[in-house]
Amino acid sequence: MRVSFLPRALALAACLACSLPSQAGLFDDDEARKAILDLRTRLDETRSQNVAAQRQLNDQIQTLQRSLLDLNNQNEQLKAELARLRGQLETTQRDLADVQRRQKDMTQVVDERMKRLEPQQVTVDGKEITVEPDEKRAYEEAIAVLRSGDFDKAAGALQAFLRRWPQSGYTDSARYWLGNAQYGLRAYKDALATFRQFLTAAPEHLRAPEALLALANCQVELKDTKGARRSLDDLVKQYPKSEAAVAARERLAVLR
């Protein structure tokens, strides 16, 4: 640039010198040289400014490139962190589901245990009663033994029940079945006493006619014919429409 600029400047100065009167003296050699130097200085300054601007632009580009690289790295890190958090979330959700399932199972177990401990409404011999779970289980087990034909074991279970729950809603029914178990063991005196106790405590019981008939049978087995006839007469009078009364009339006909 300096080599090409100087001839042009000199040529321009010569033309100006030839075209103007010498006596005007607008540009002499010193002024031309000064103008050239001034132009060269301006050119150098412009070049320096361009170089500085290019360097600044390069710096900015490099800075932007580094920033872009940093952003890319951060983006990758964020993706990795997001994947990690997503995995943790899935694990947490599975753990939570397991906890909820276990909690539900535990709640069901607790509810079942509570139900076993809570009083229950049951119906026995046409009467609705409230009993404890252990009370209900003991009675049902004793009746199951009686139905199996093991009268001795059944009598023991029913006697134990009556001792443990003397005020139970099952008491009348337990006493009735105890009399039957004793009768099955041929312990007629014990059966007689049990049936009398039953009839005294529950004359309106659903099984009272059957108990009175069983009492008369015990008296027959004990050779107390007079007492048996009296019991059968009472059965016919007190419970005339019962099936036991039909059997009592037949038995009275035989005893007479």
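**Exercise 1.** In this predicted model, describe how helix α8 (residues 225-238) and helix α9 (residues 243-255) pack.

*Solution.* Step 1: the axes of α8 and α9 are 9 Å apart, and the packing angle is about 145°. Step 2: the crossing of these two helices is left-handed. Step 3: on the α8 side, the contact is formed by T225, A228, R229, L232, D233, L235 and V236. The α9 side contributes A244, A245, A248, R249, R251, L252 and L255. Step 4: sorted by class, the contact of α8 with α9 holds 9 nonpolar, 1 polar and 4 charged residues.

**Exercise 2.** Work out how helix α7 (residues 208-221) is oriented relative to α8.

*Solution.* Step 1: the two axes cross at roughly 165° and come within 8 Å. Step 2: angles over 145 degrees count as roughly antiparallel. Step 3: α7 and α8 are therefore roughly antiparallel to each other. Step 4: their crossing is left-handed. Step 5: from α7, the contact takes in P209, L212, L213, L215, A216, Q219 and V220; from α8, it takes in G227, A228, S231, L232, D234 and L235. Step 6: the contact of α7 with α8 divides into 9 nonpolar, 3 polar and 1 charged residues.

Key:
Residues numbered from 1 in each chain as written. Predicted model: local features only at pLDDT ≥ 70, side-chain atom pairs only at ≥ 80, totals over all residues. Heavy atoms only, no water. Axes fitted to C-alpha atoms, helices over the stretch in contact; angles between N-to-C directions. Helix = DSSP H or I, 4+ residues; strand = E, 2+ residues; numbered from the N terminus. Left-handed = near helix turned anticlockwise from the far one by under 90°. Contact = heavy atoms within 4.5 Å. Nonpolar A, V, L, I, M, F, W, Y, C, P; charged D, E, K, R; others polar. Parallel < 35°, antiparallel > 145°, perpendicular 65-115°, else oblique.
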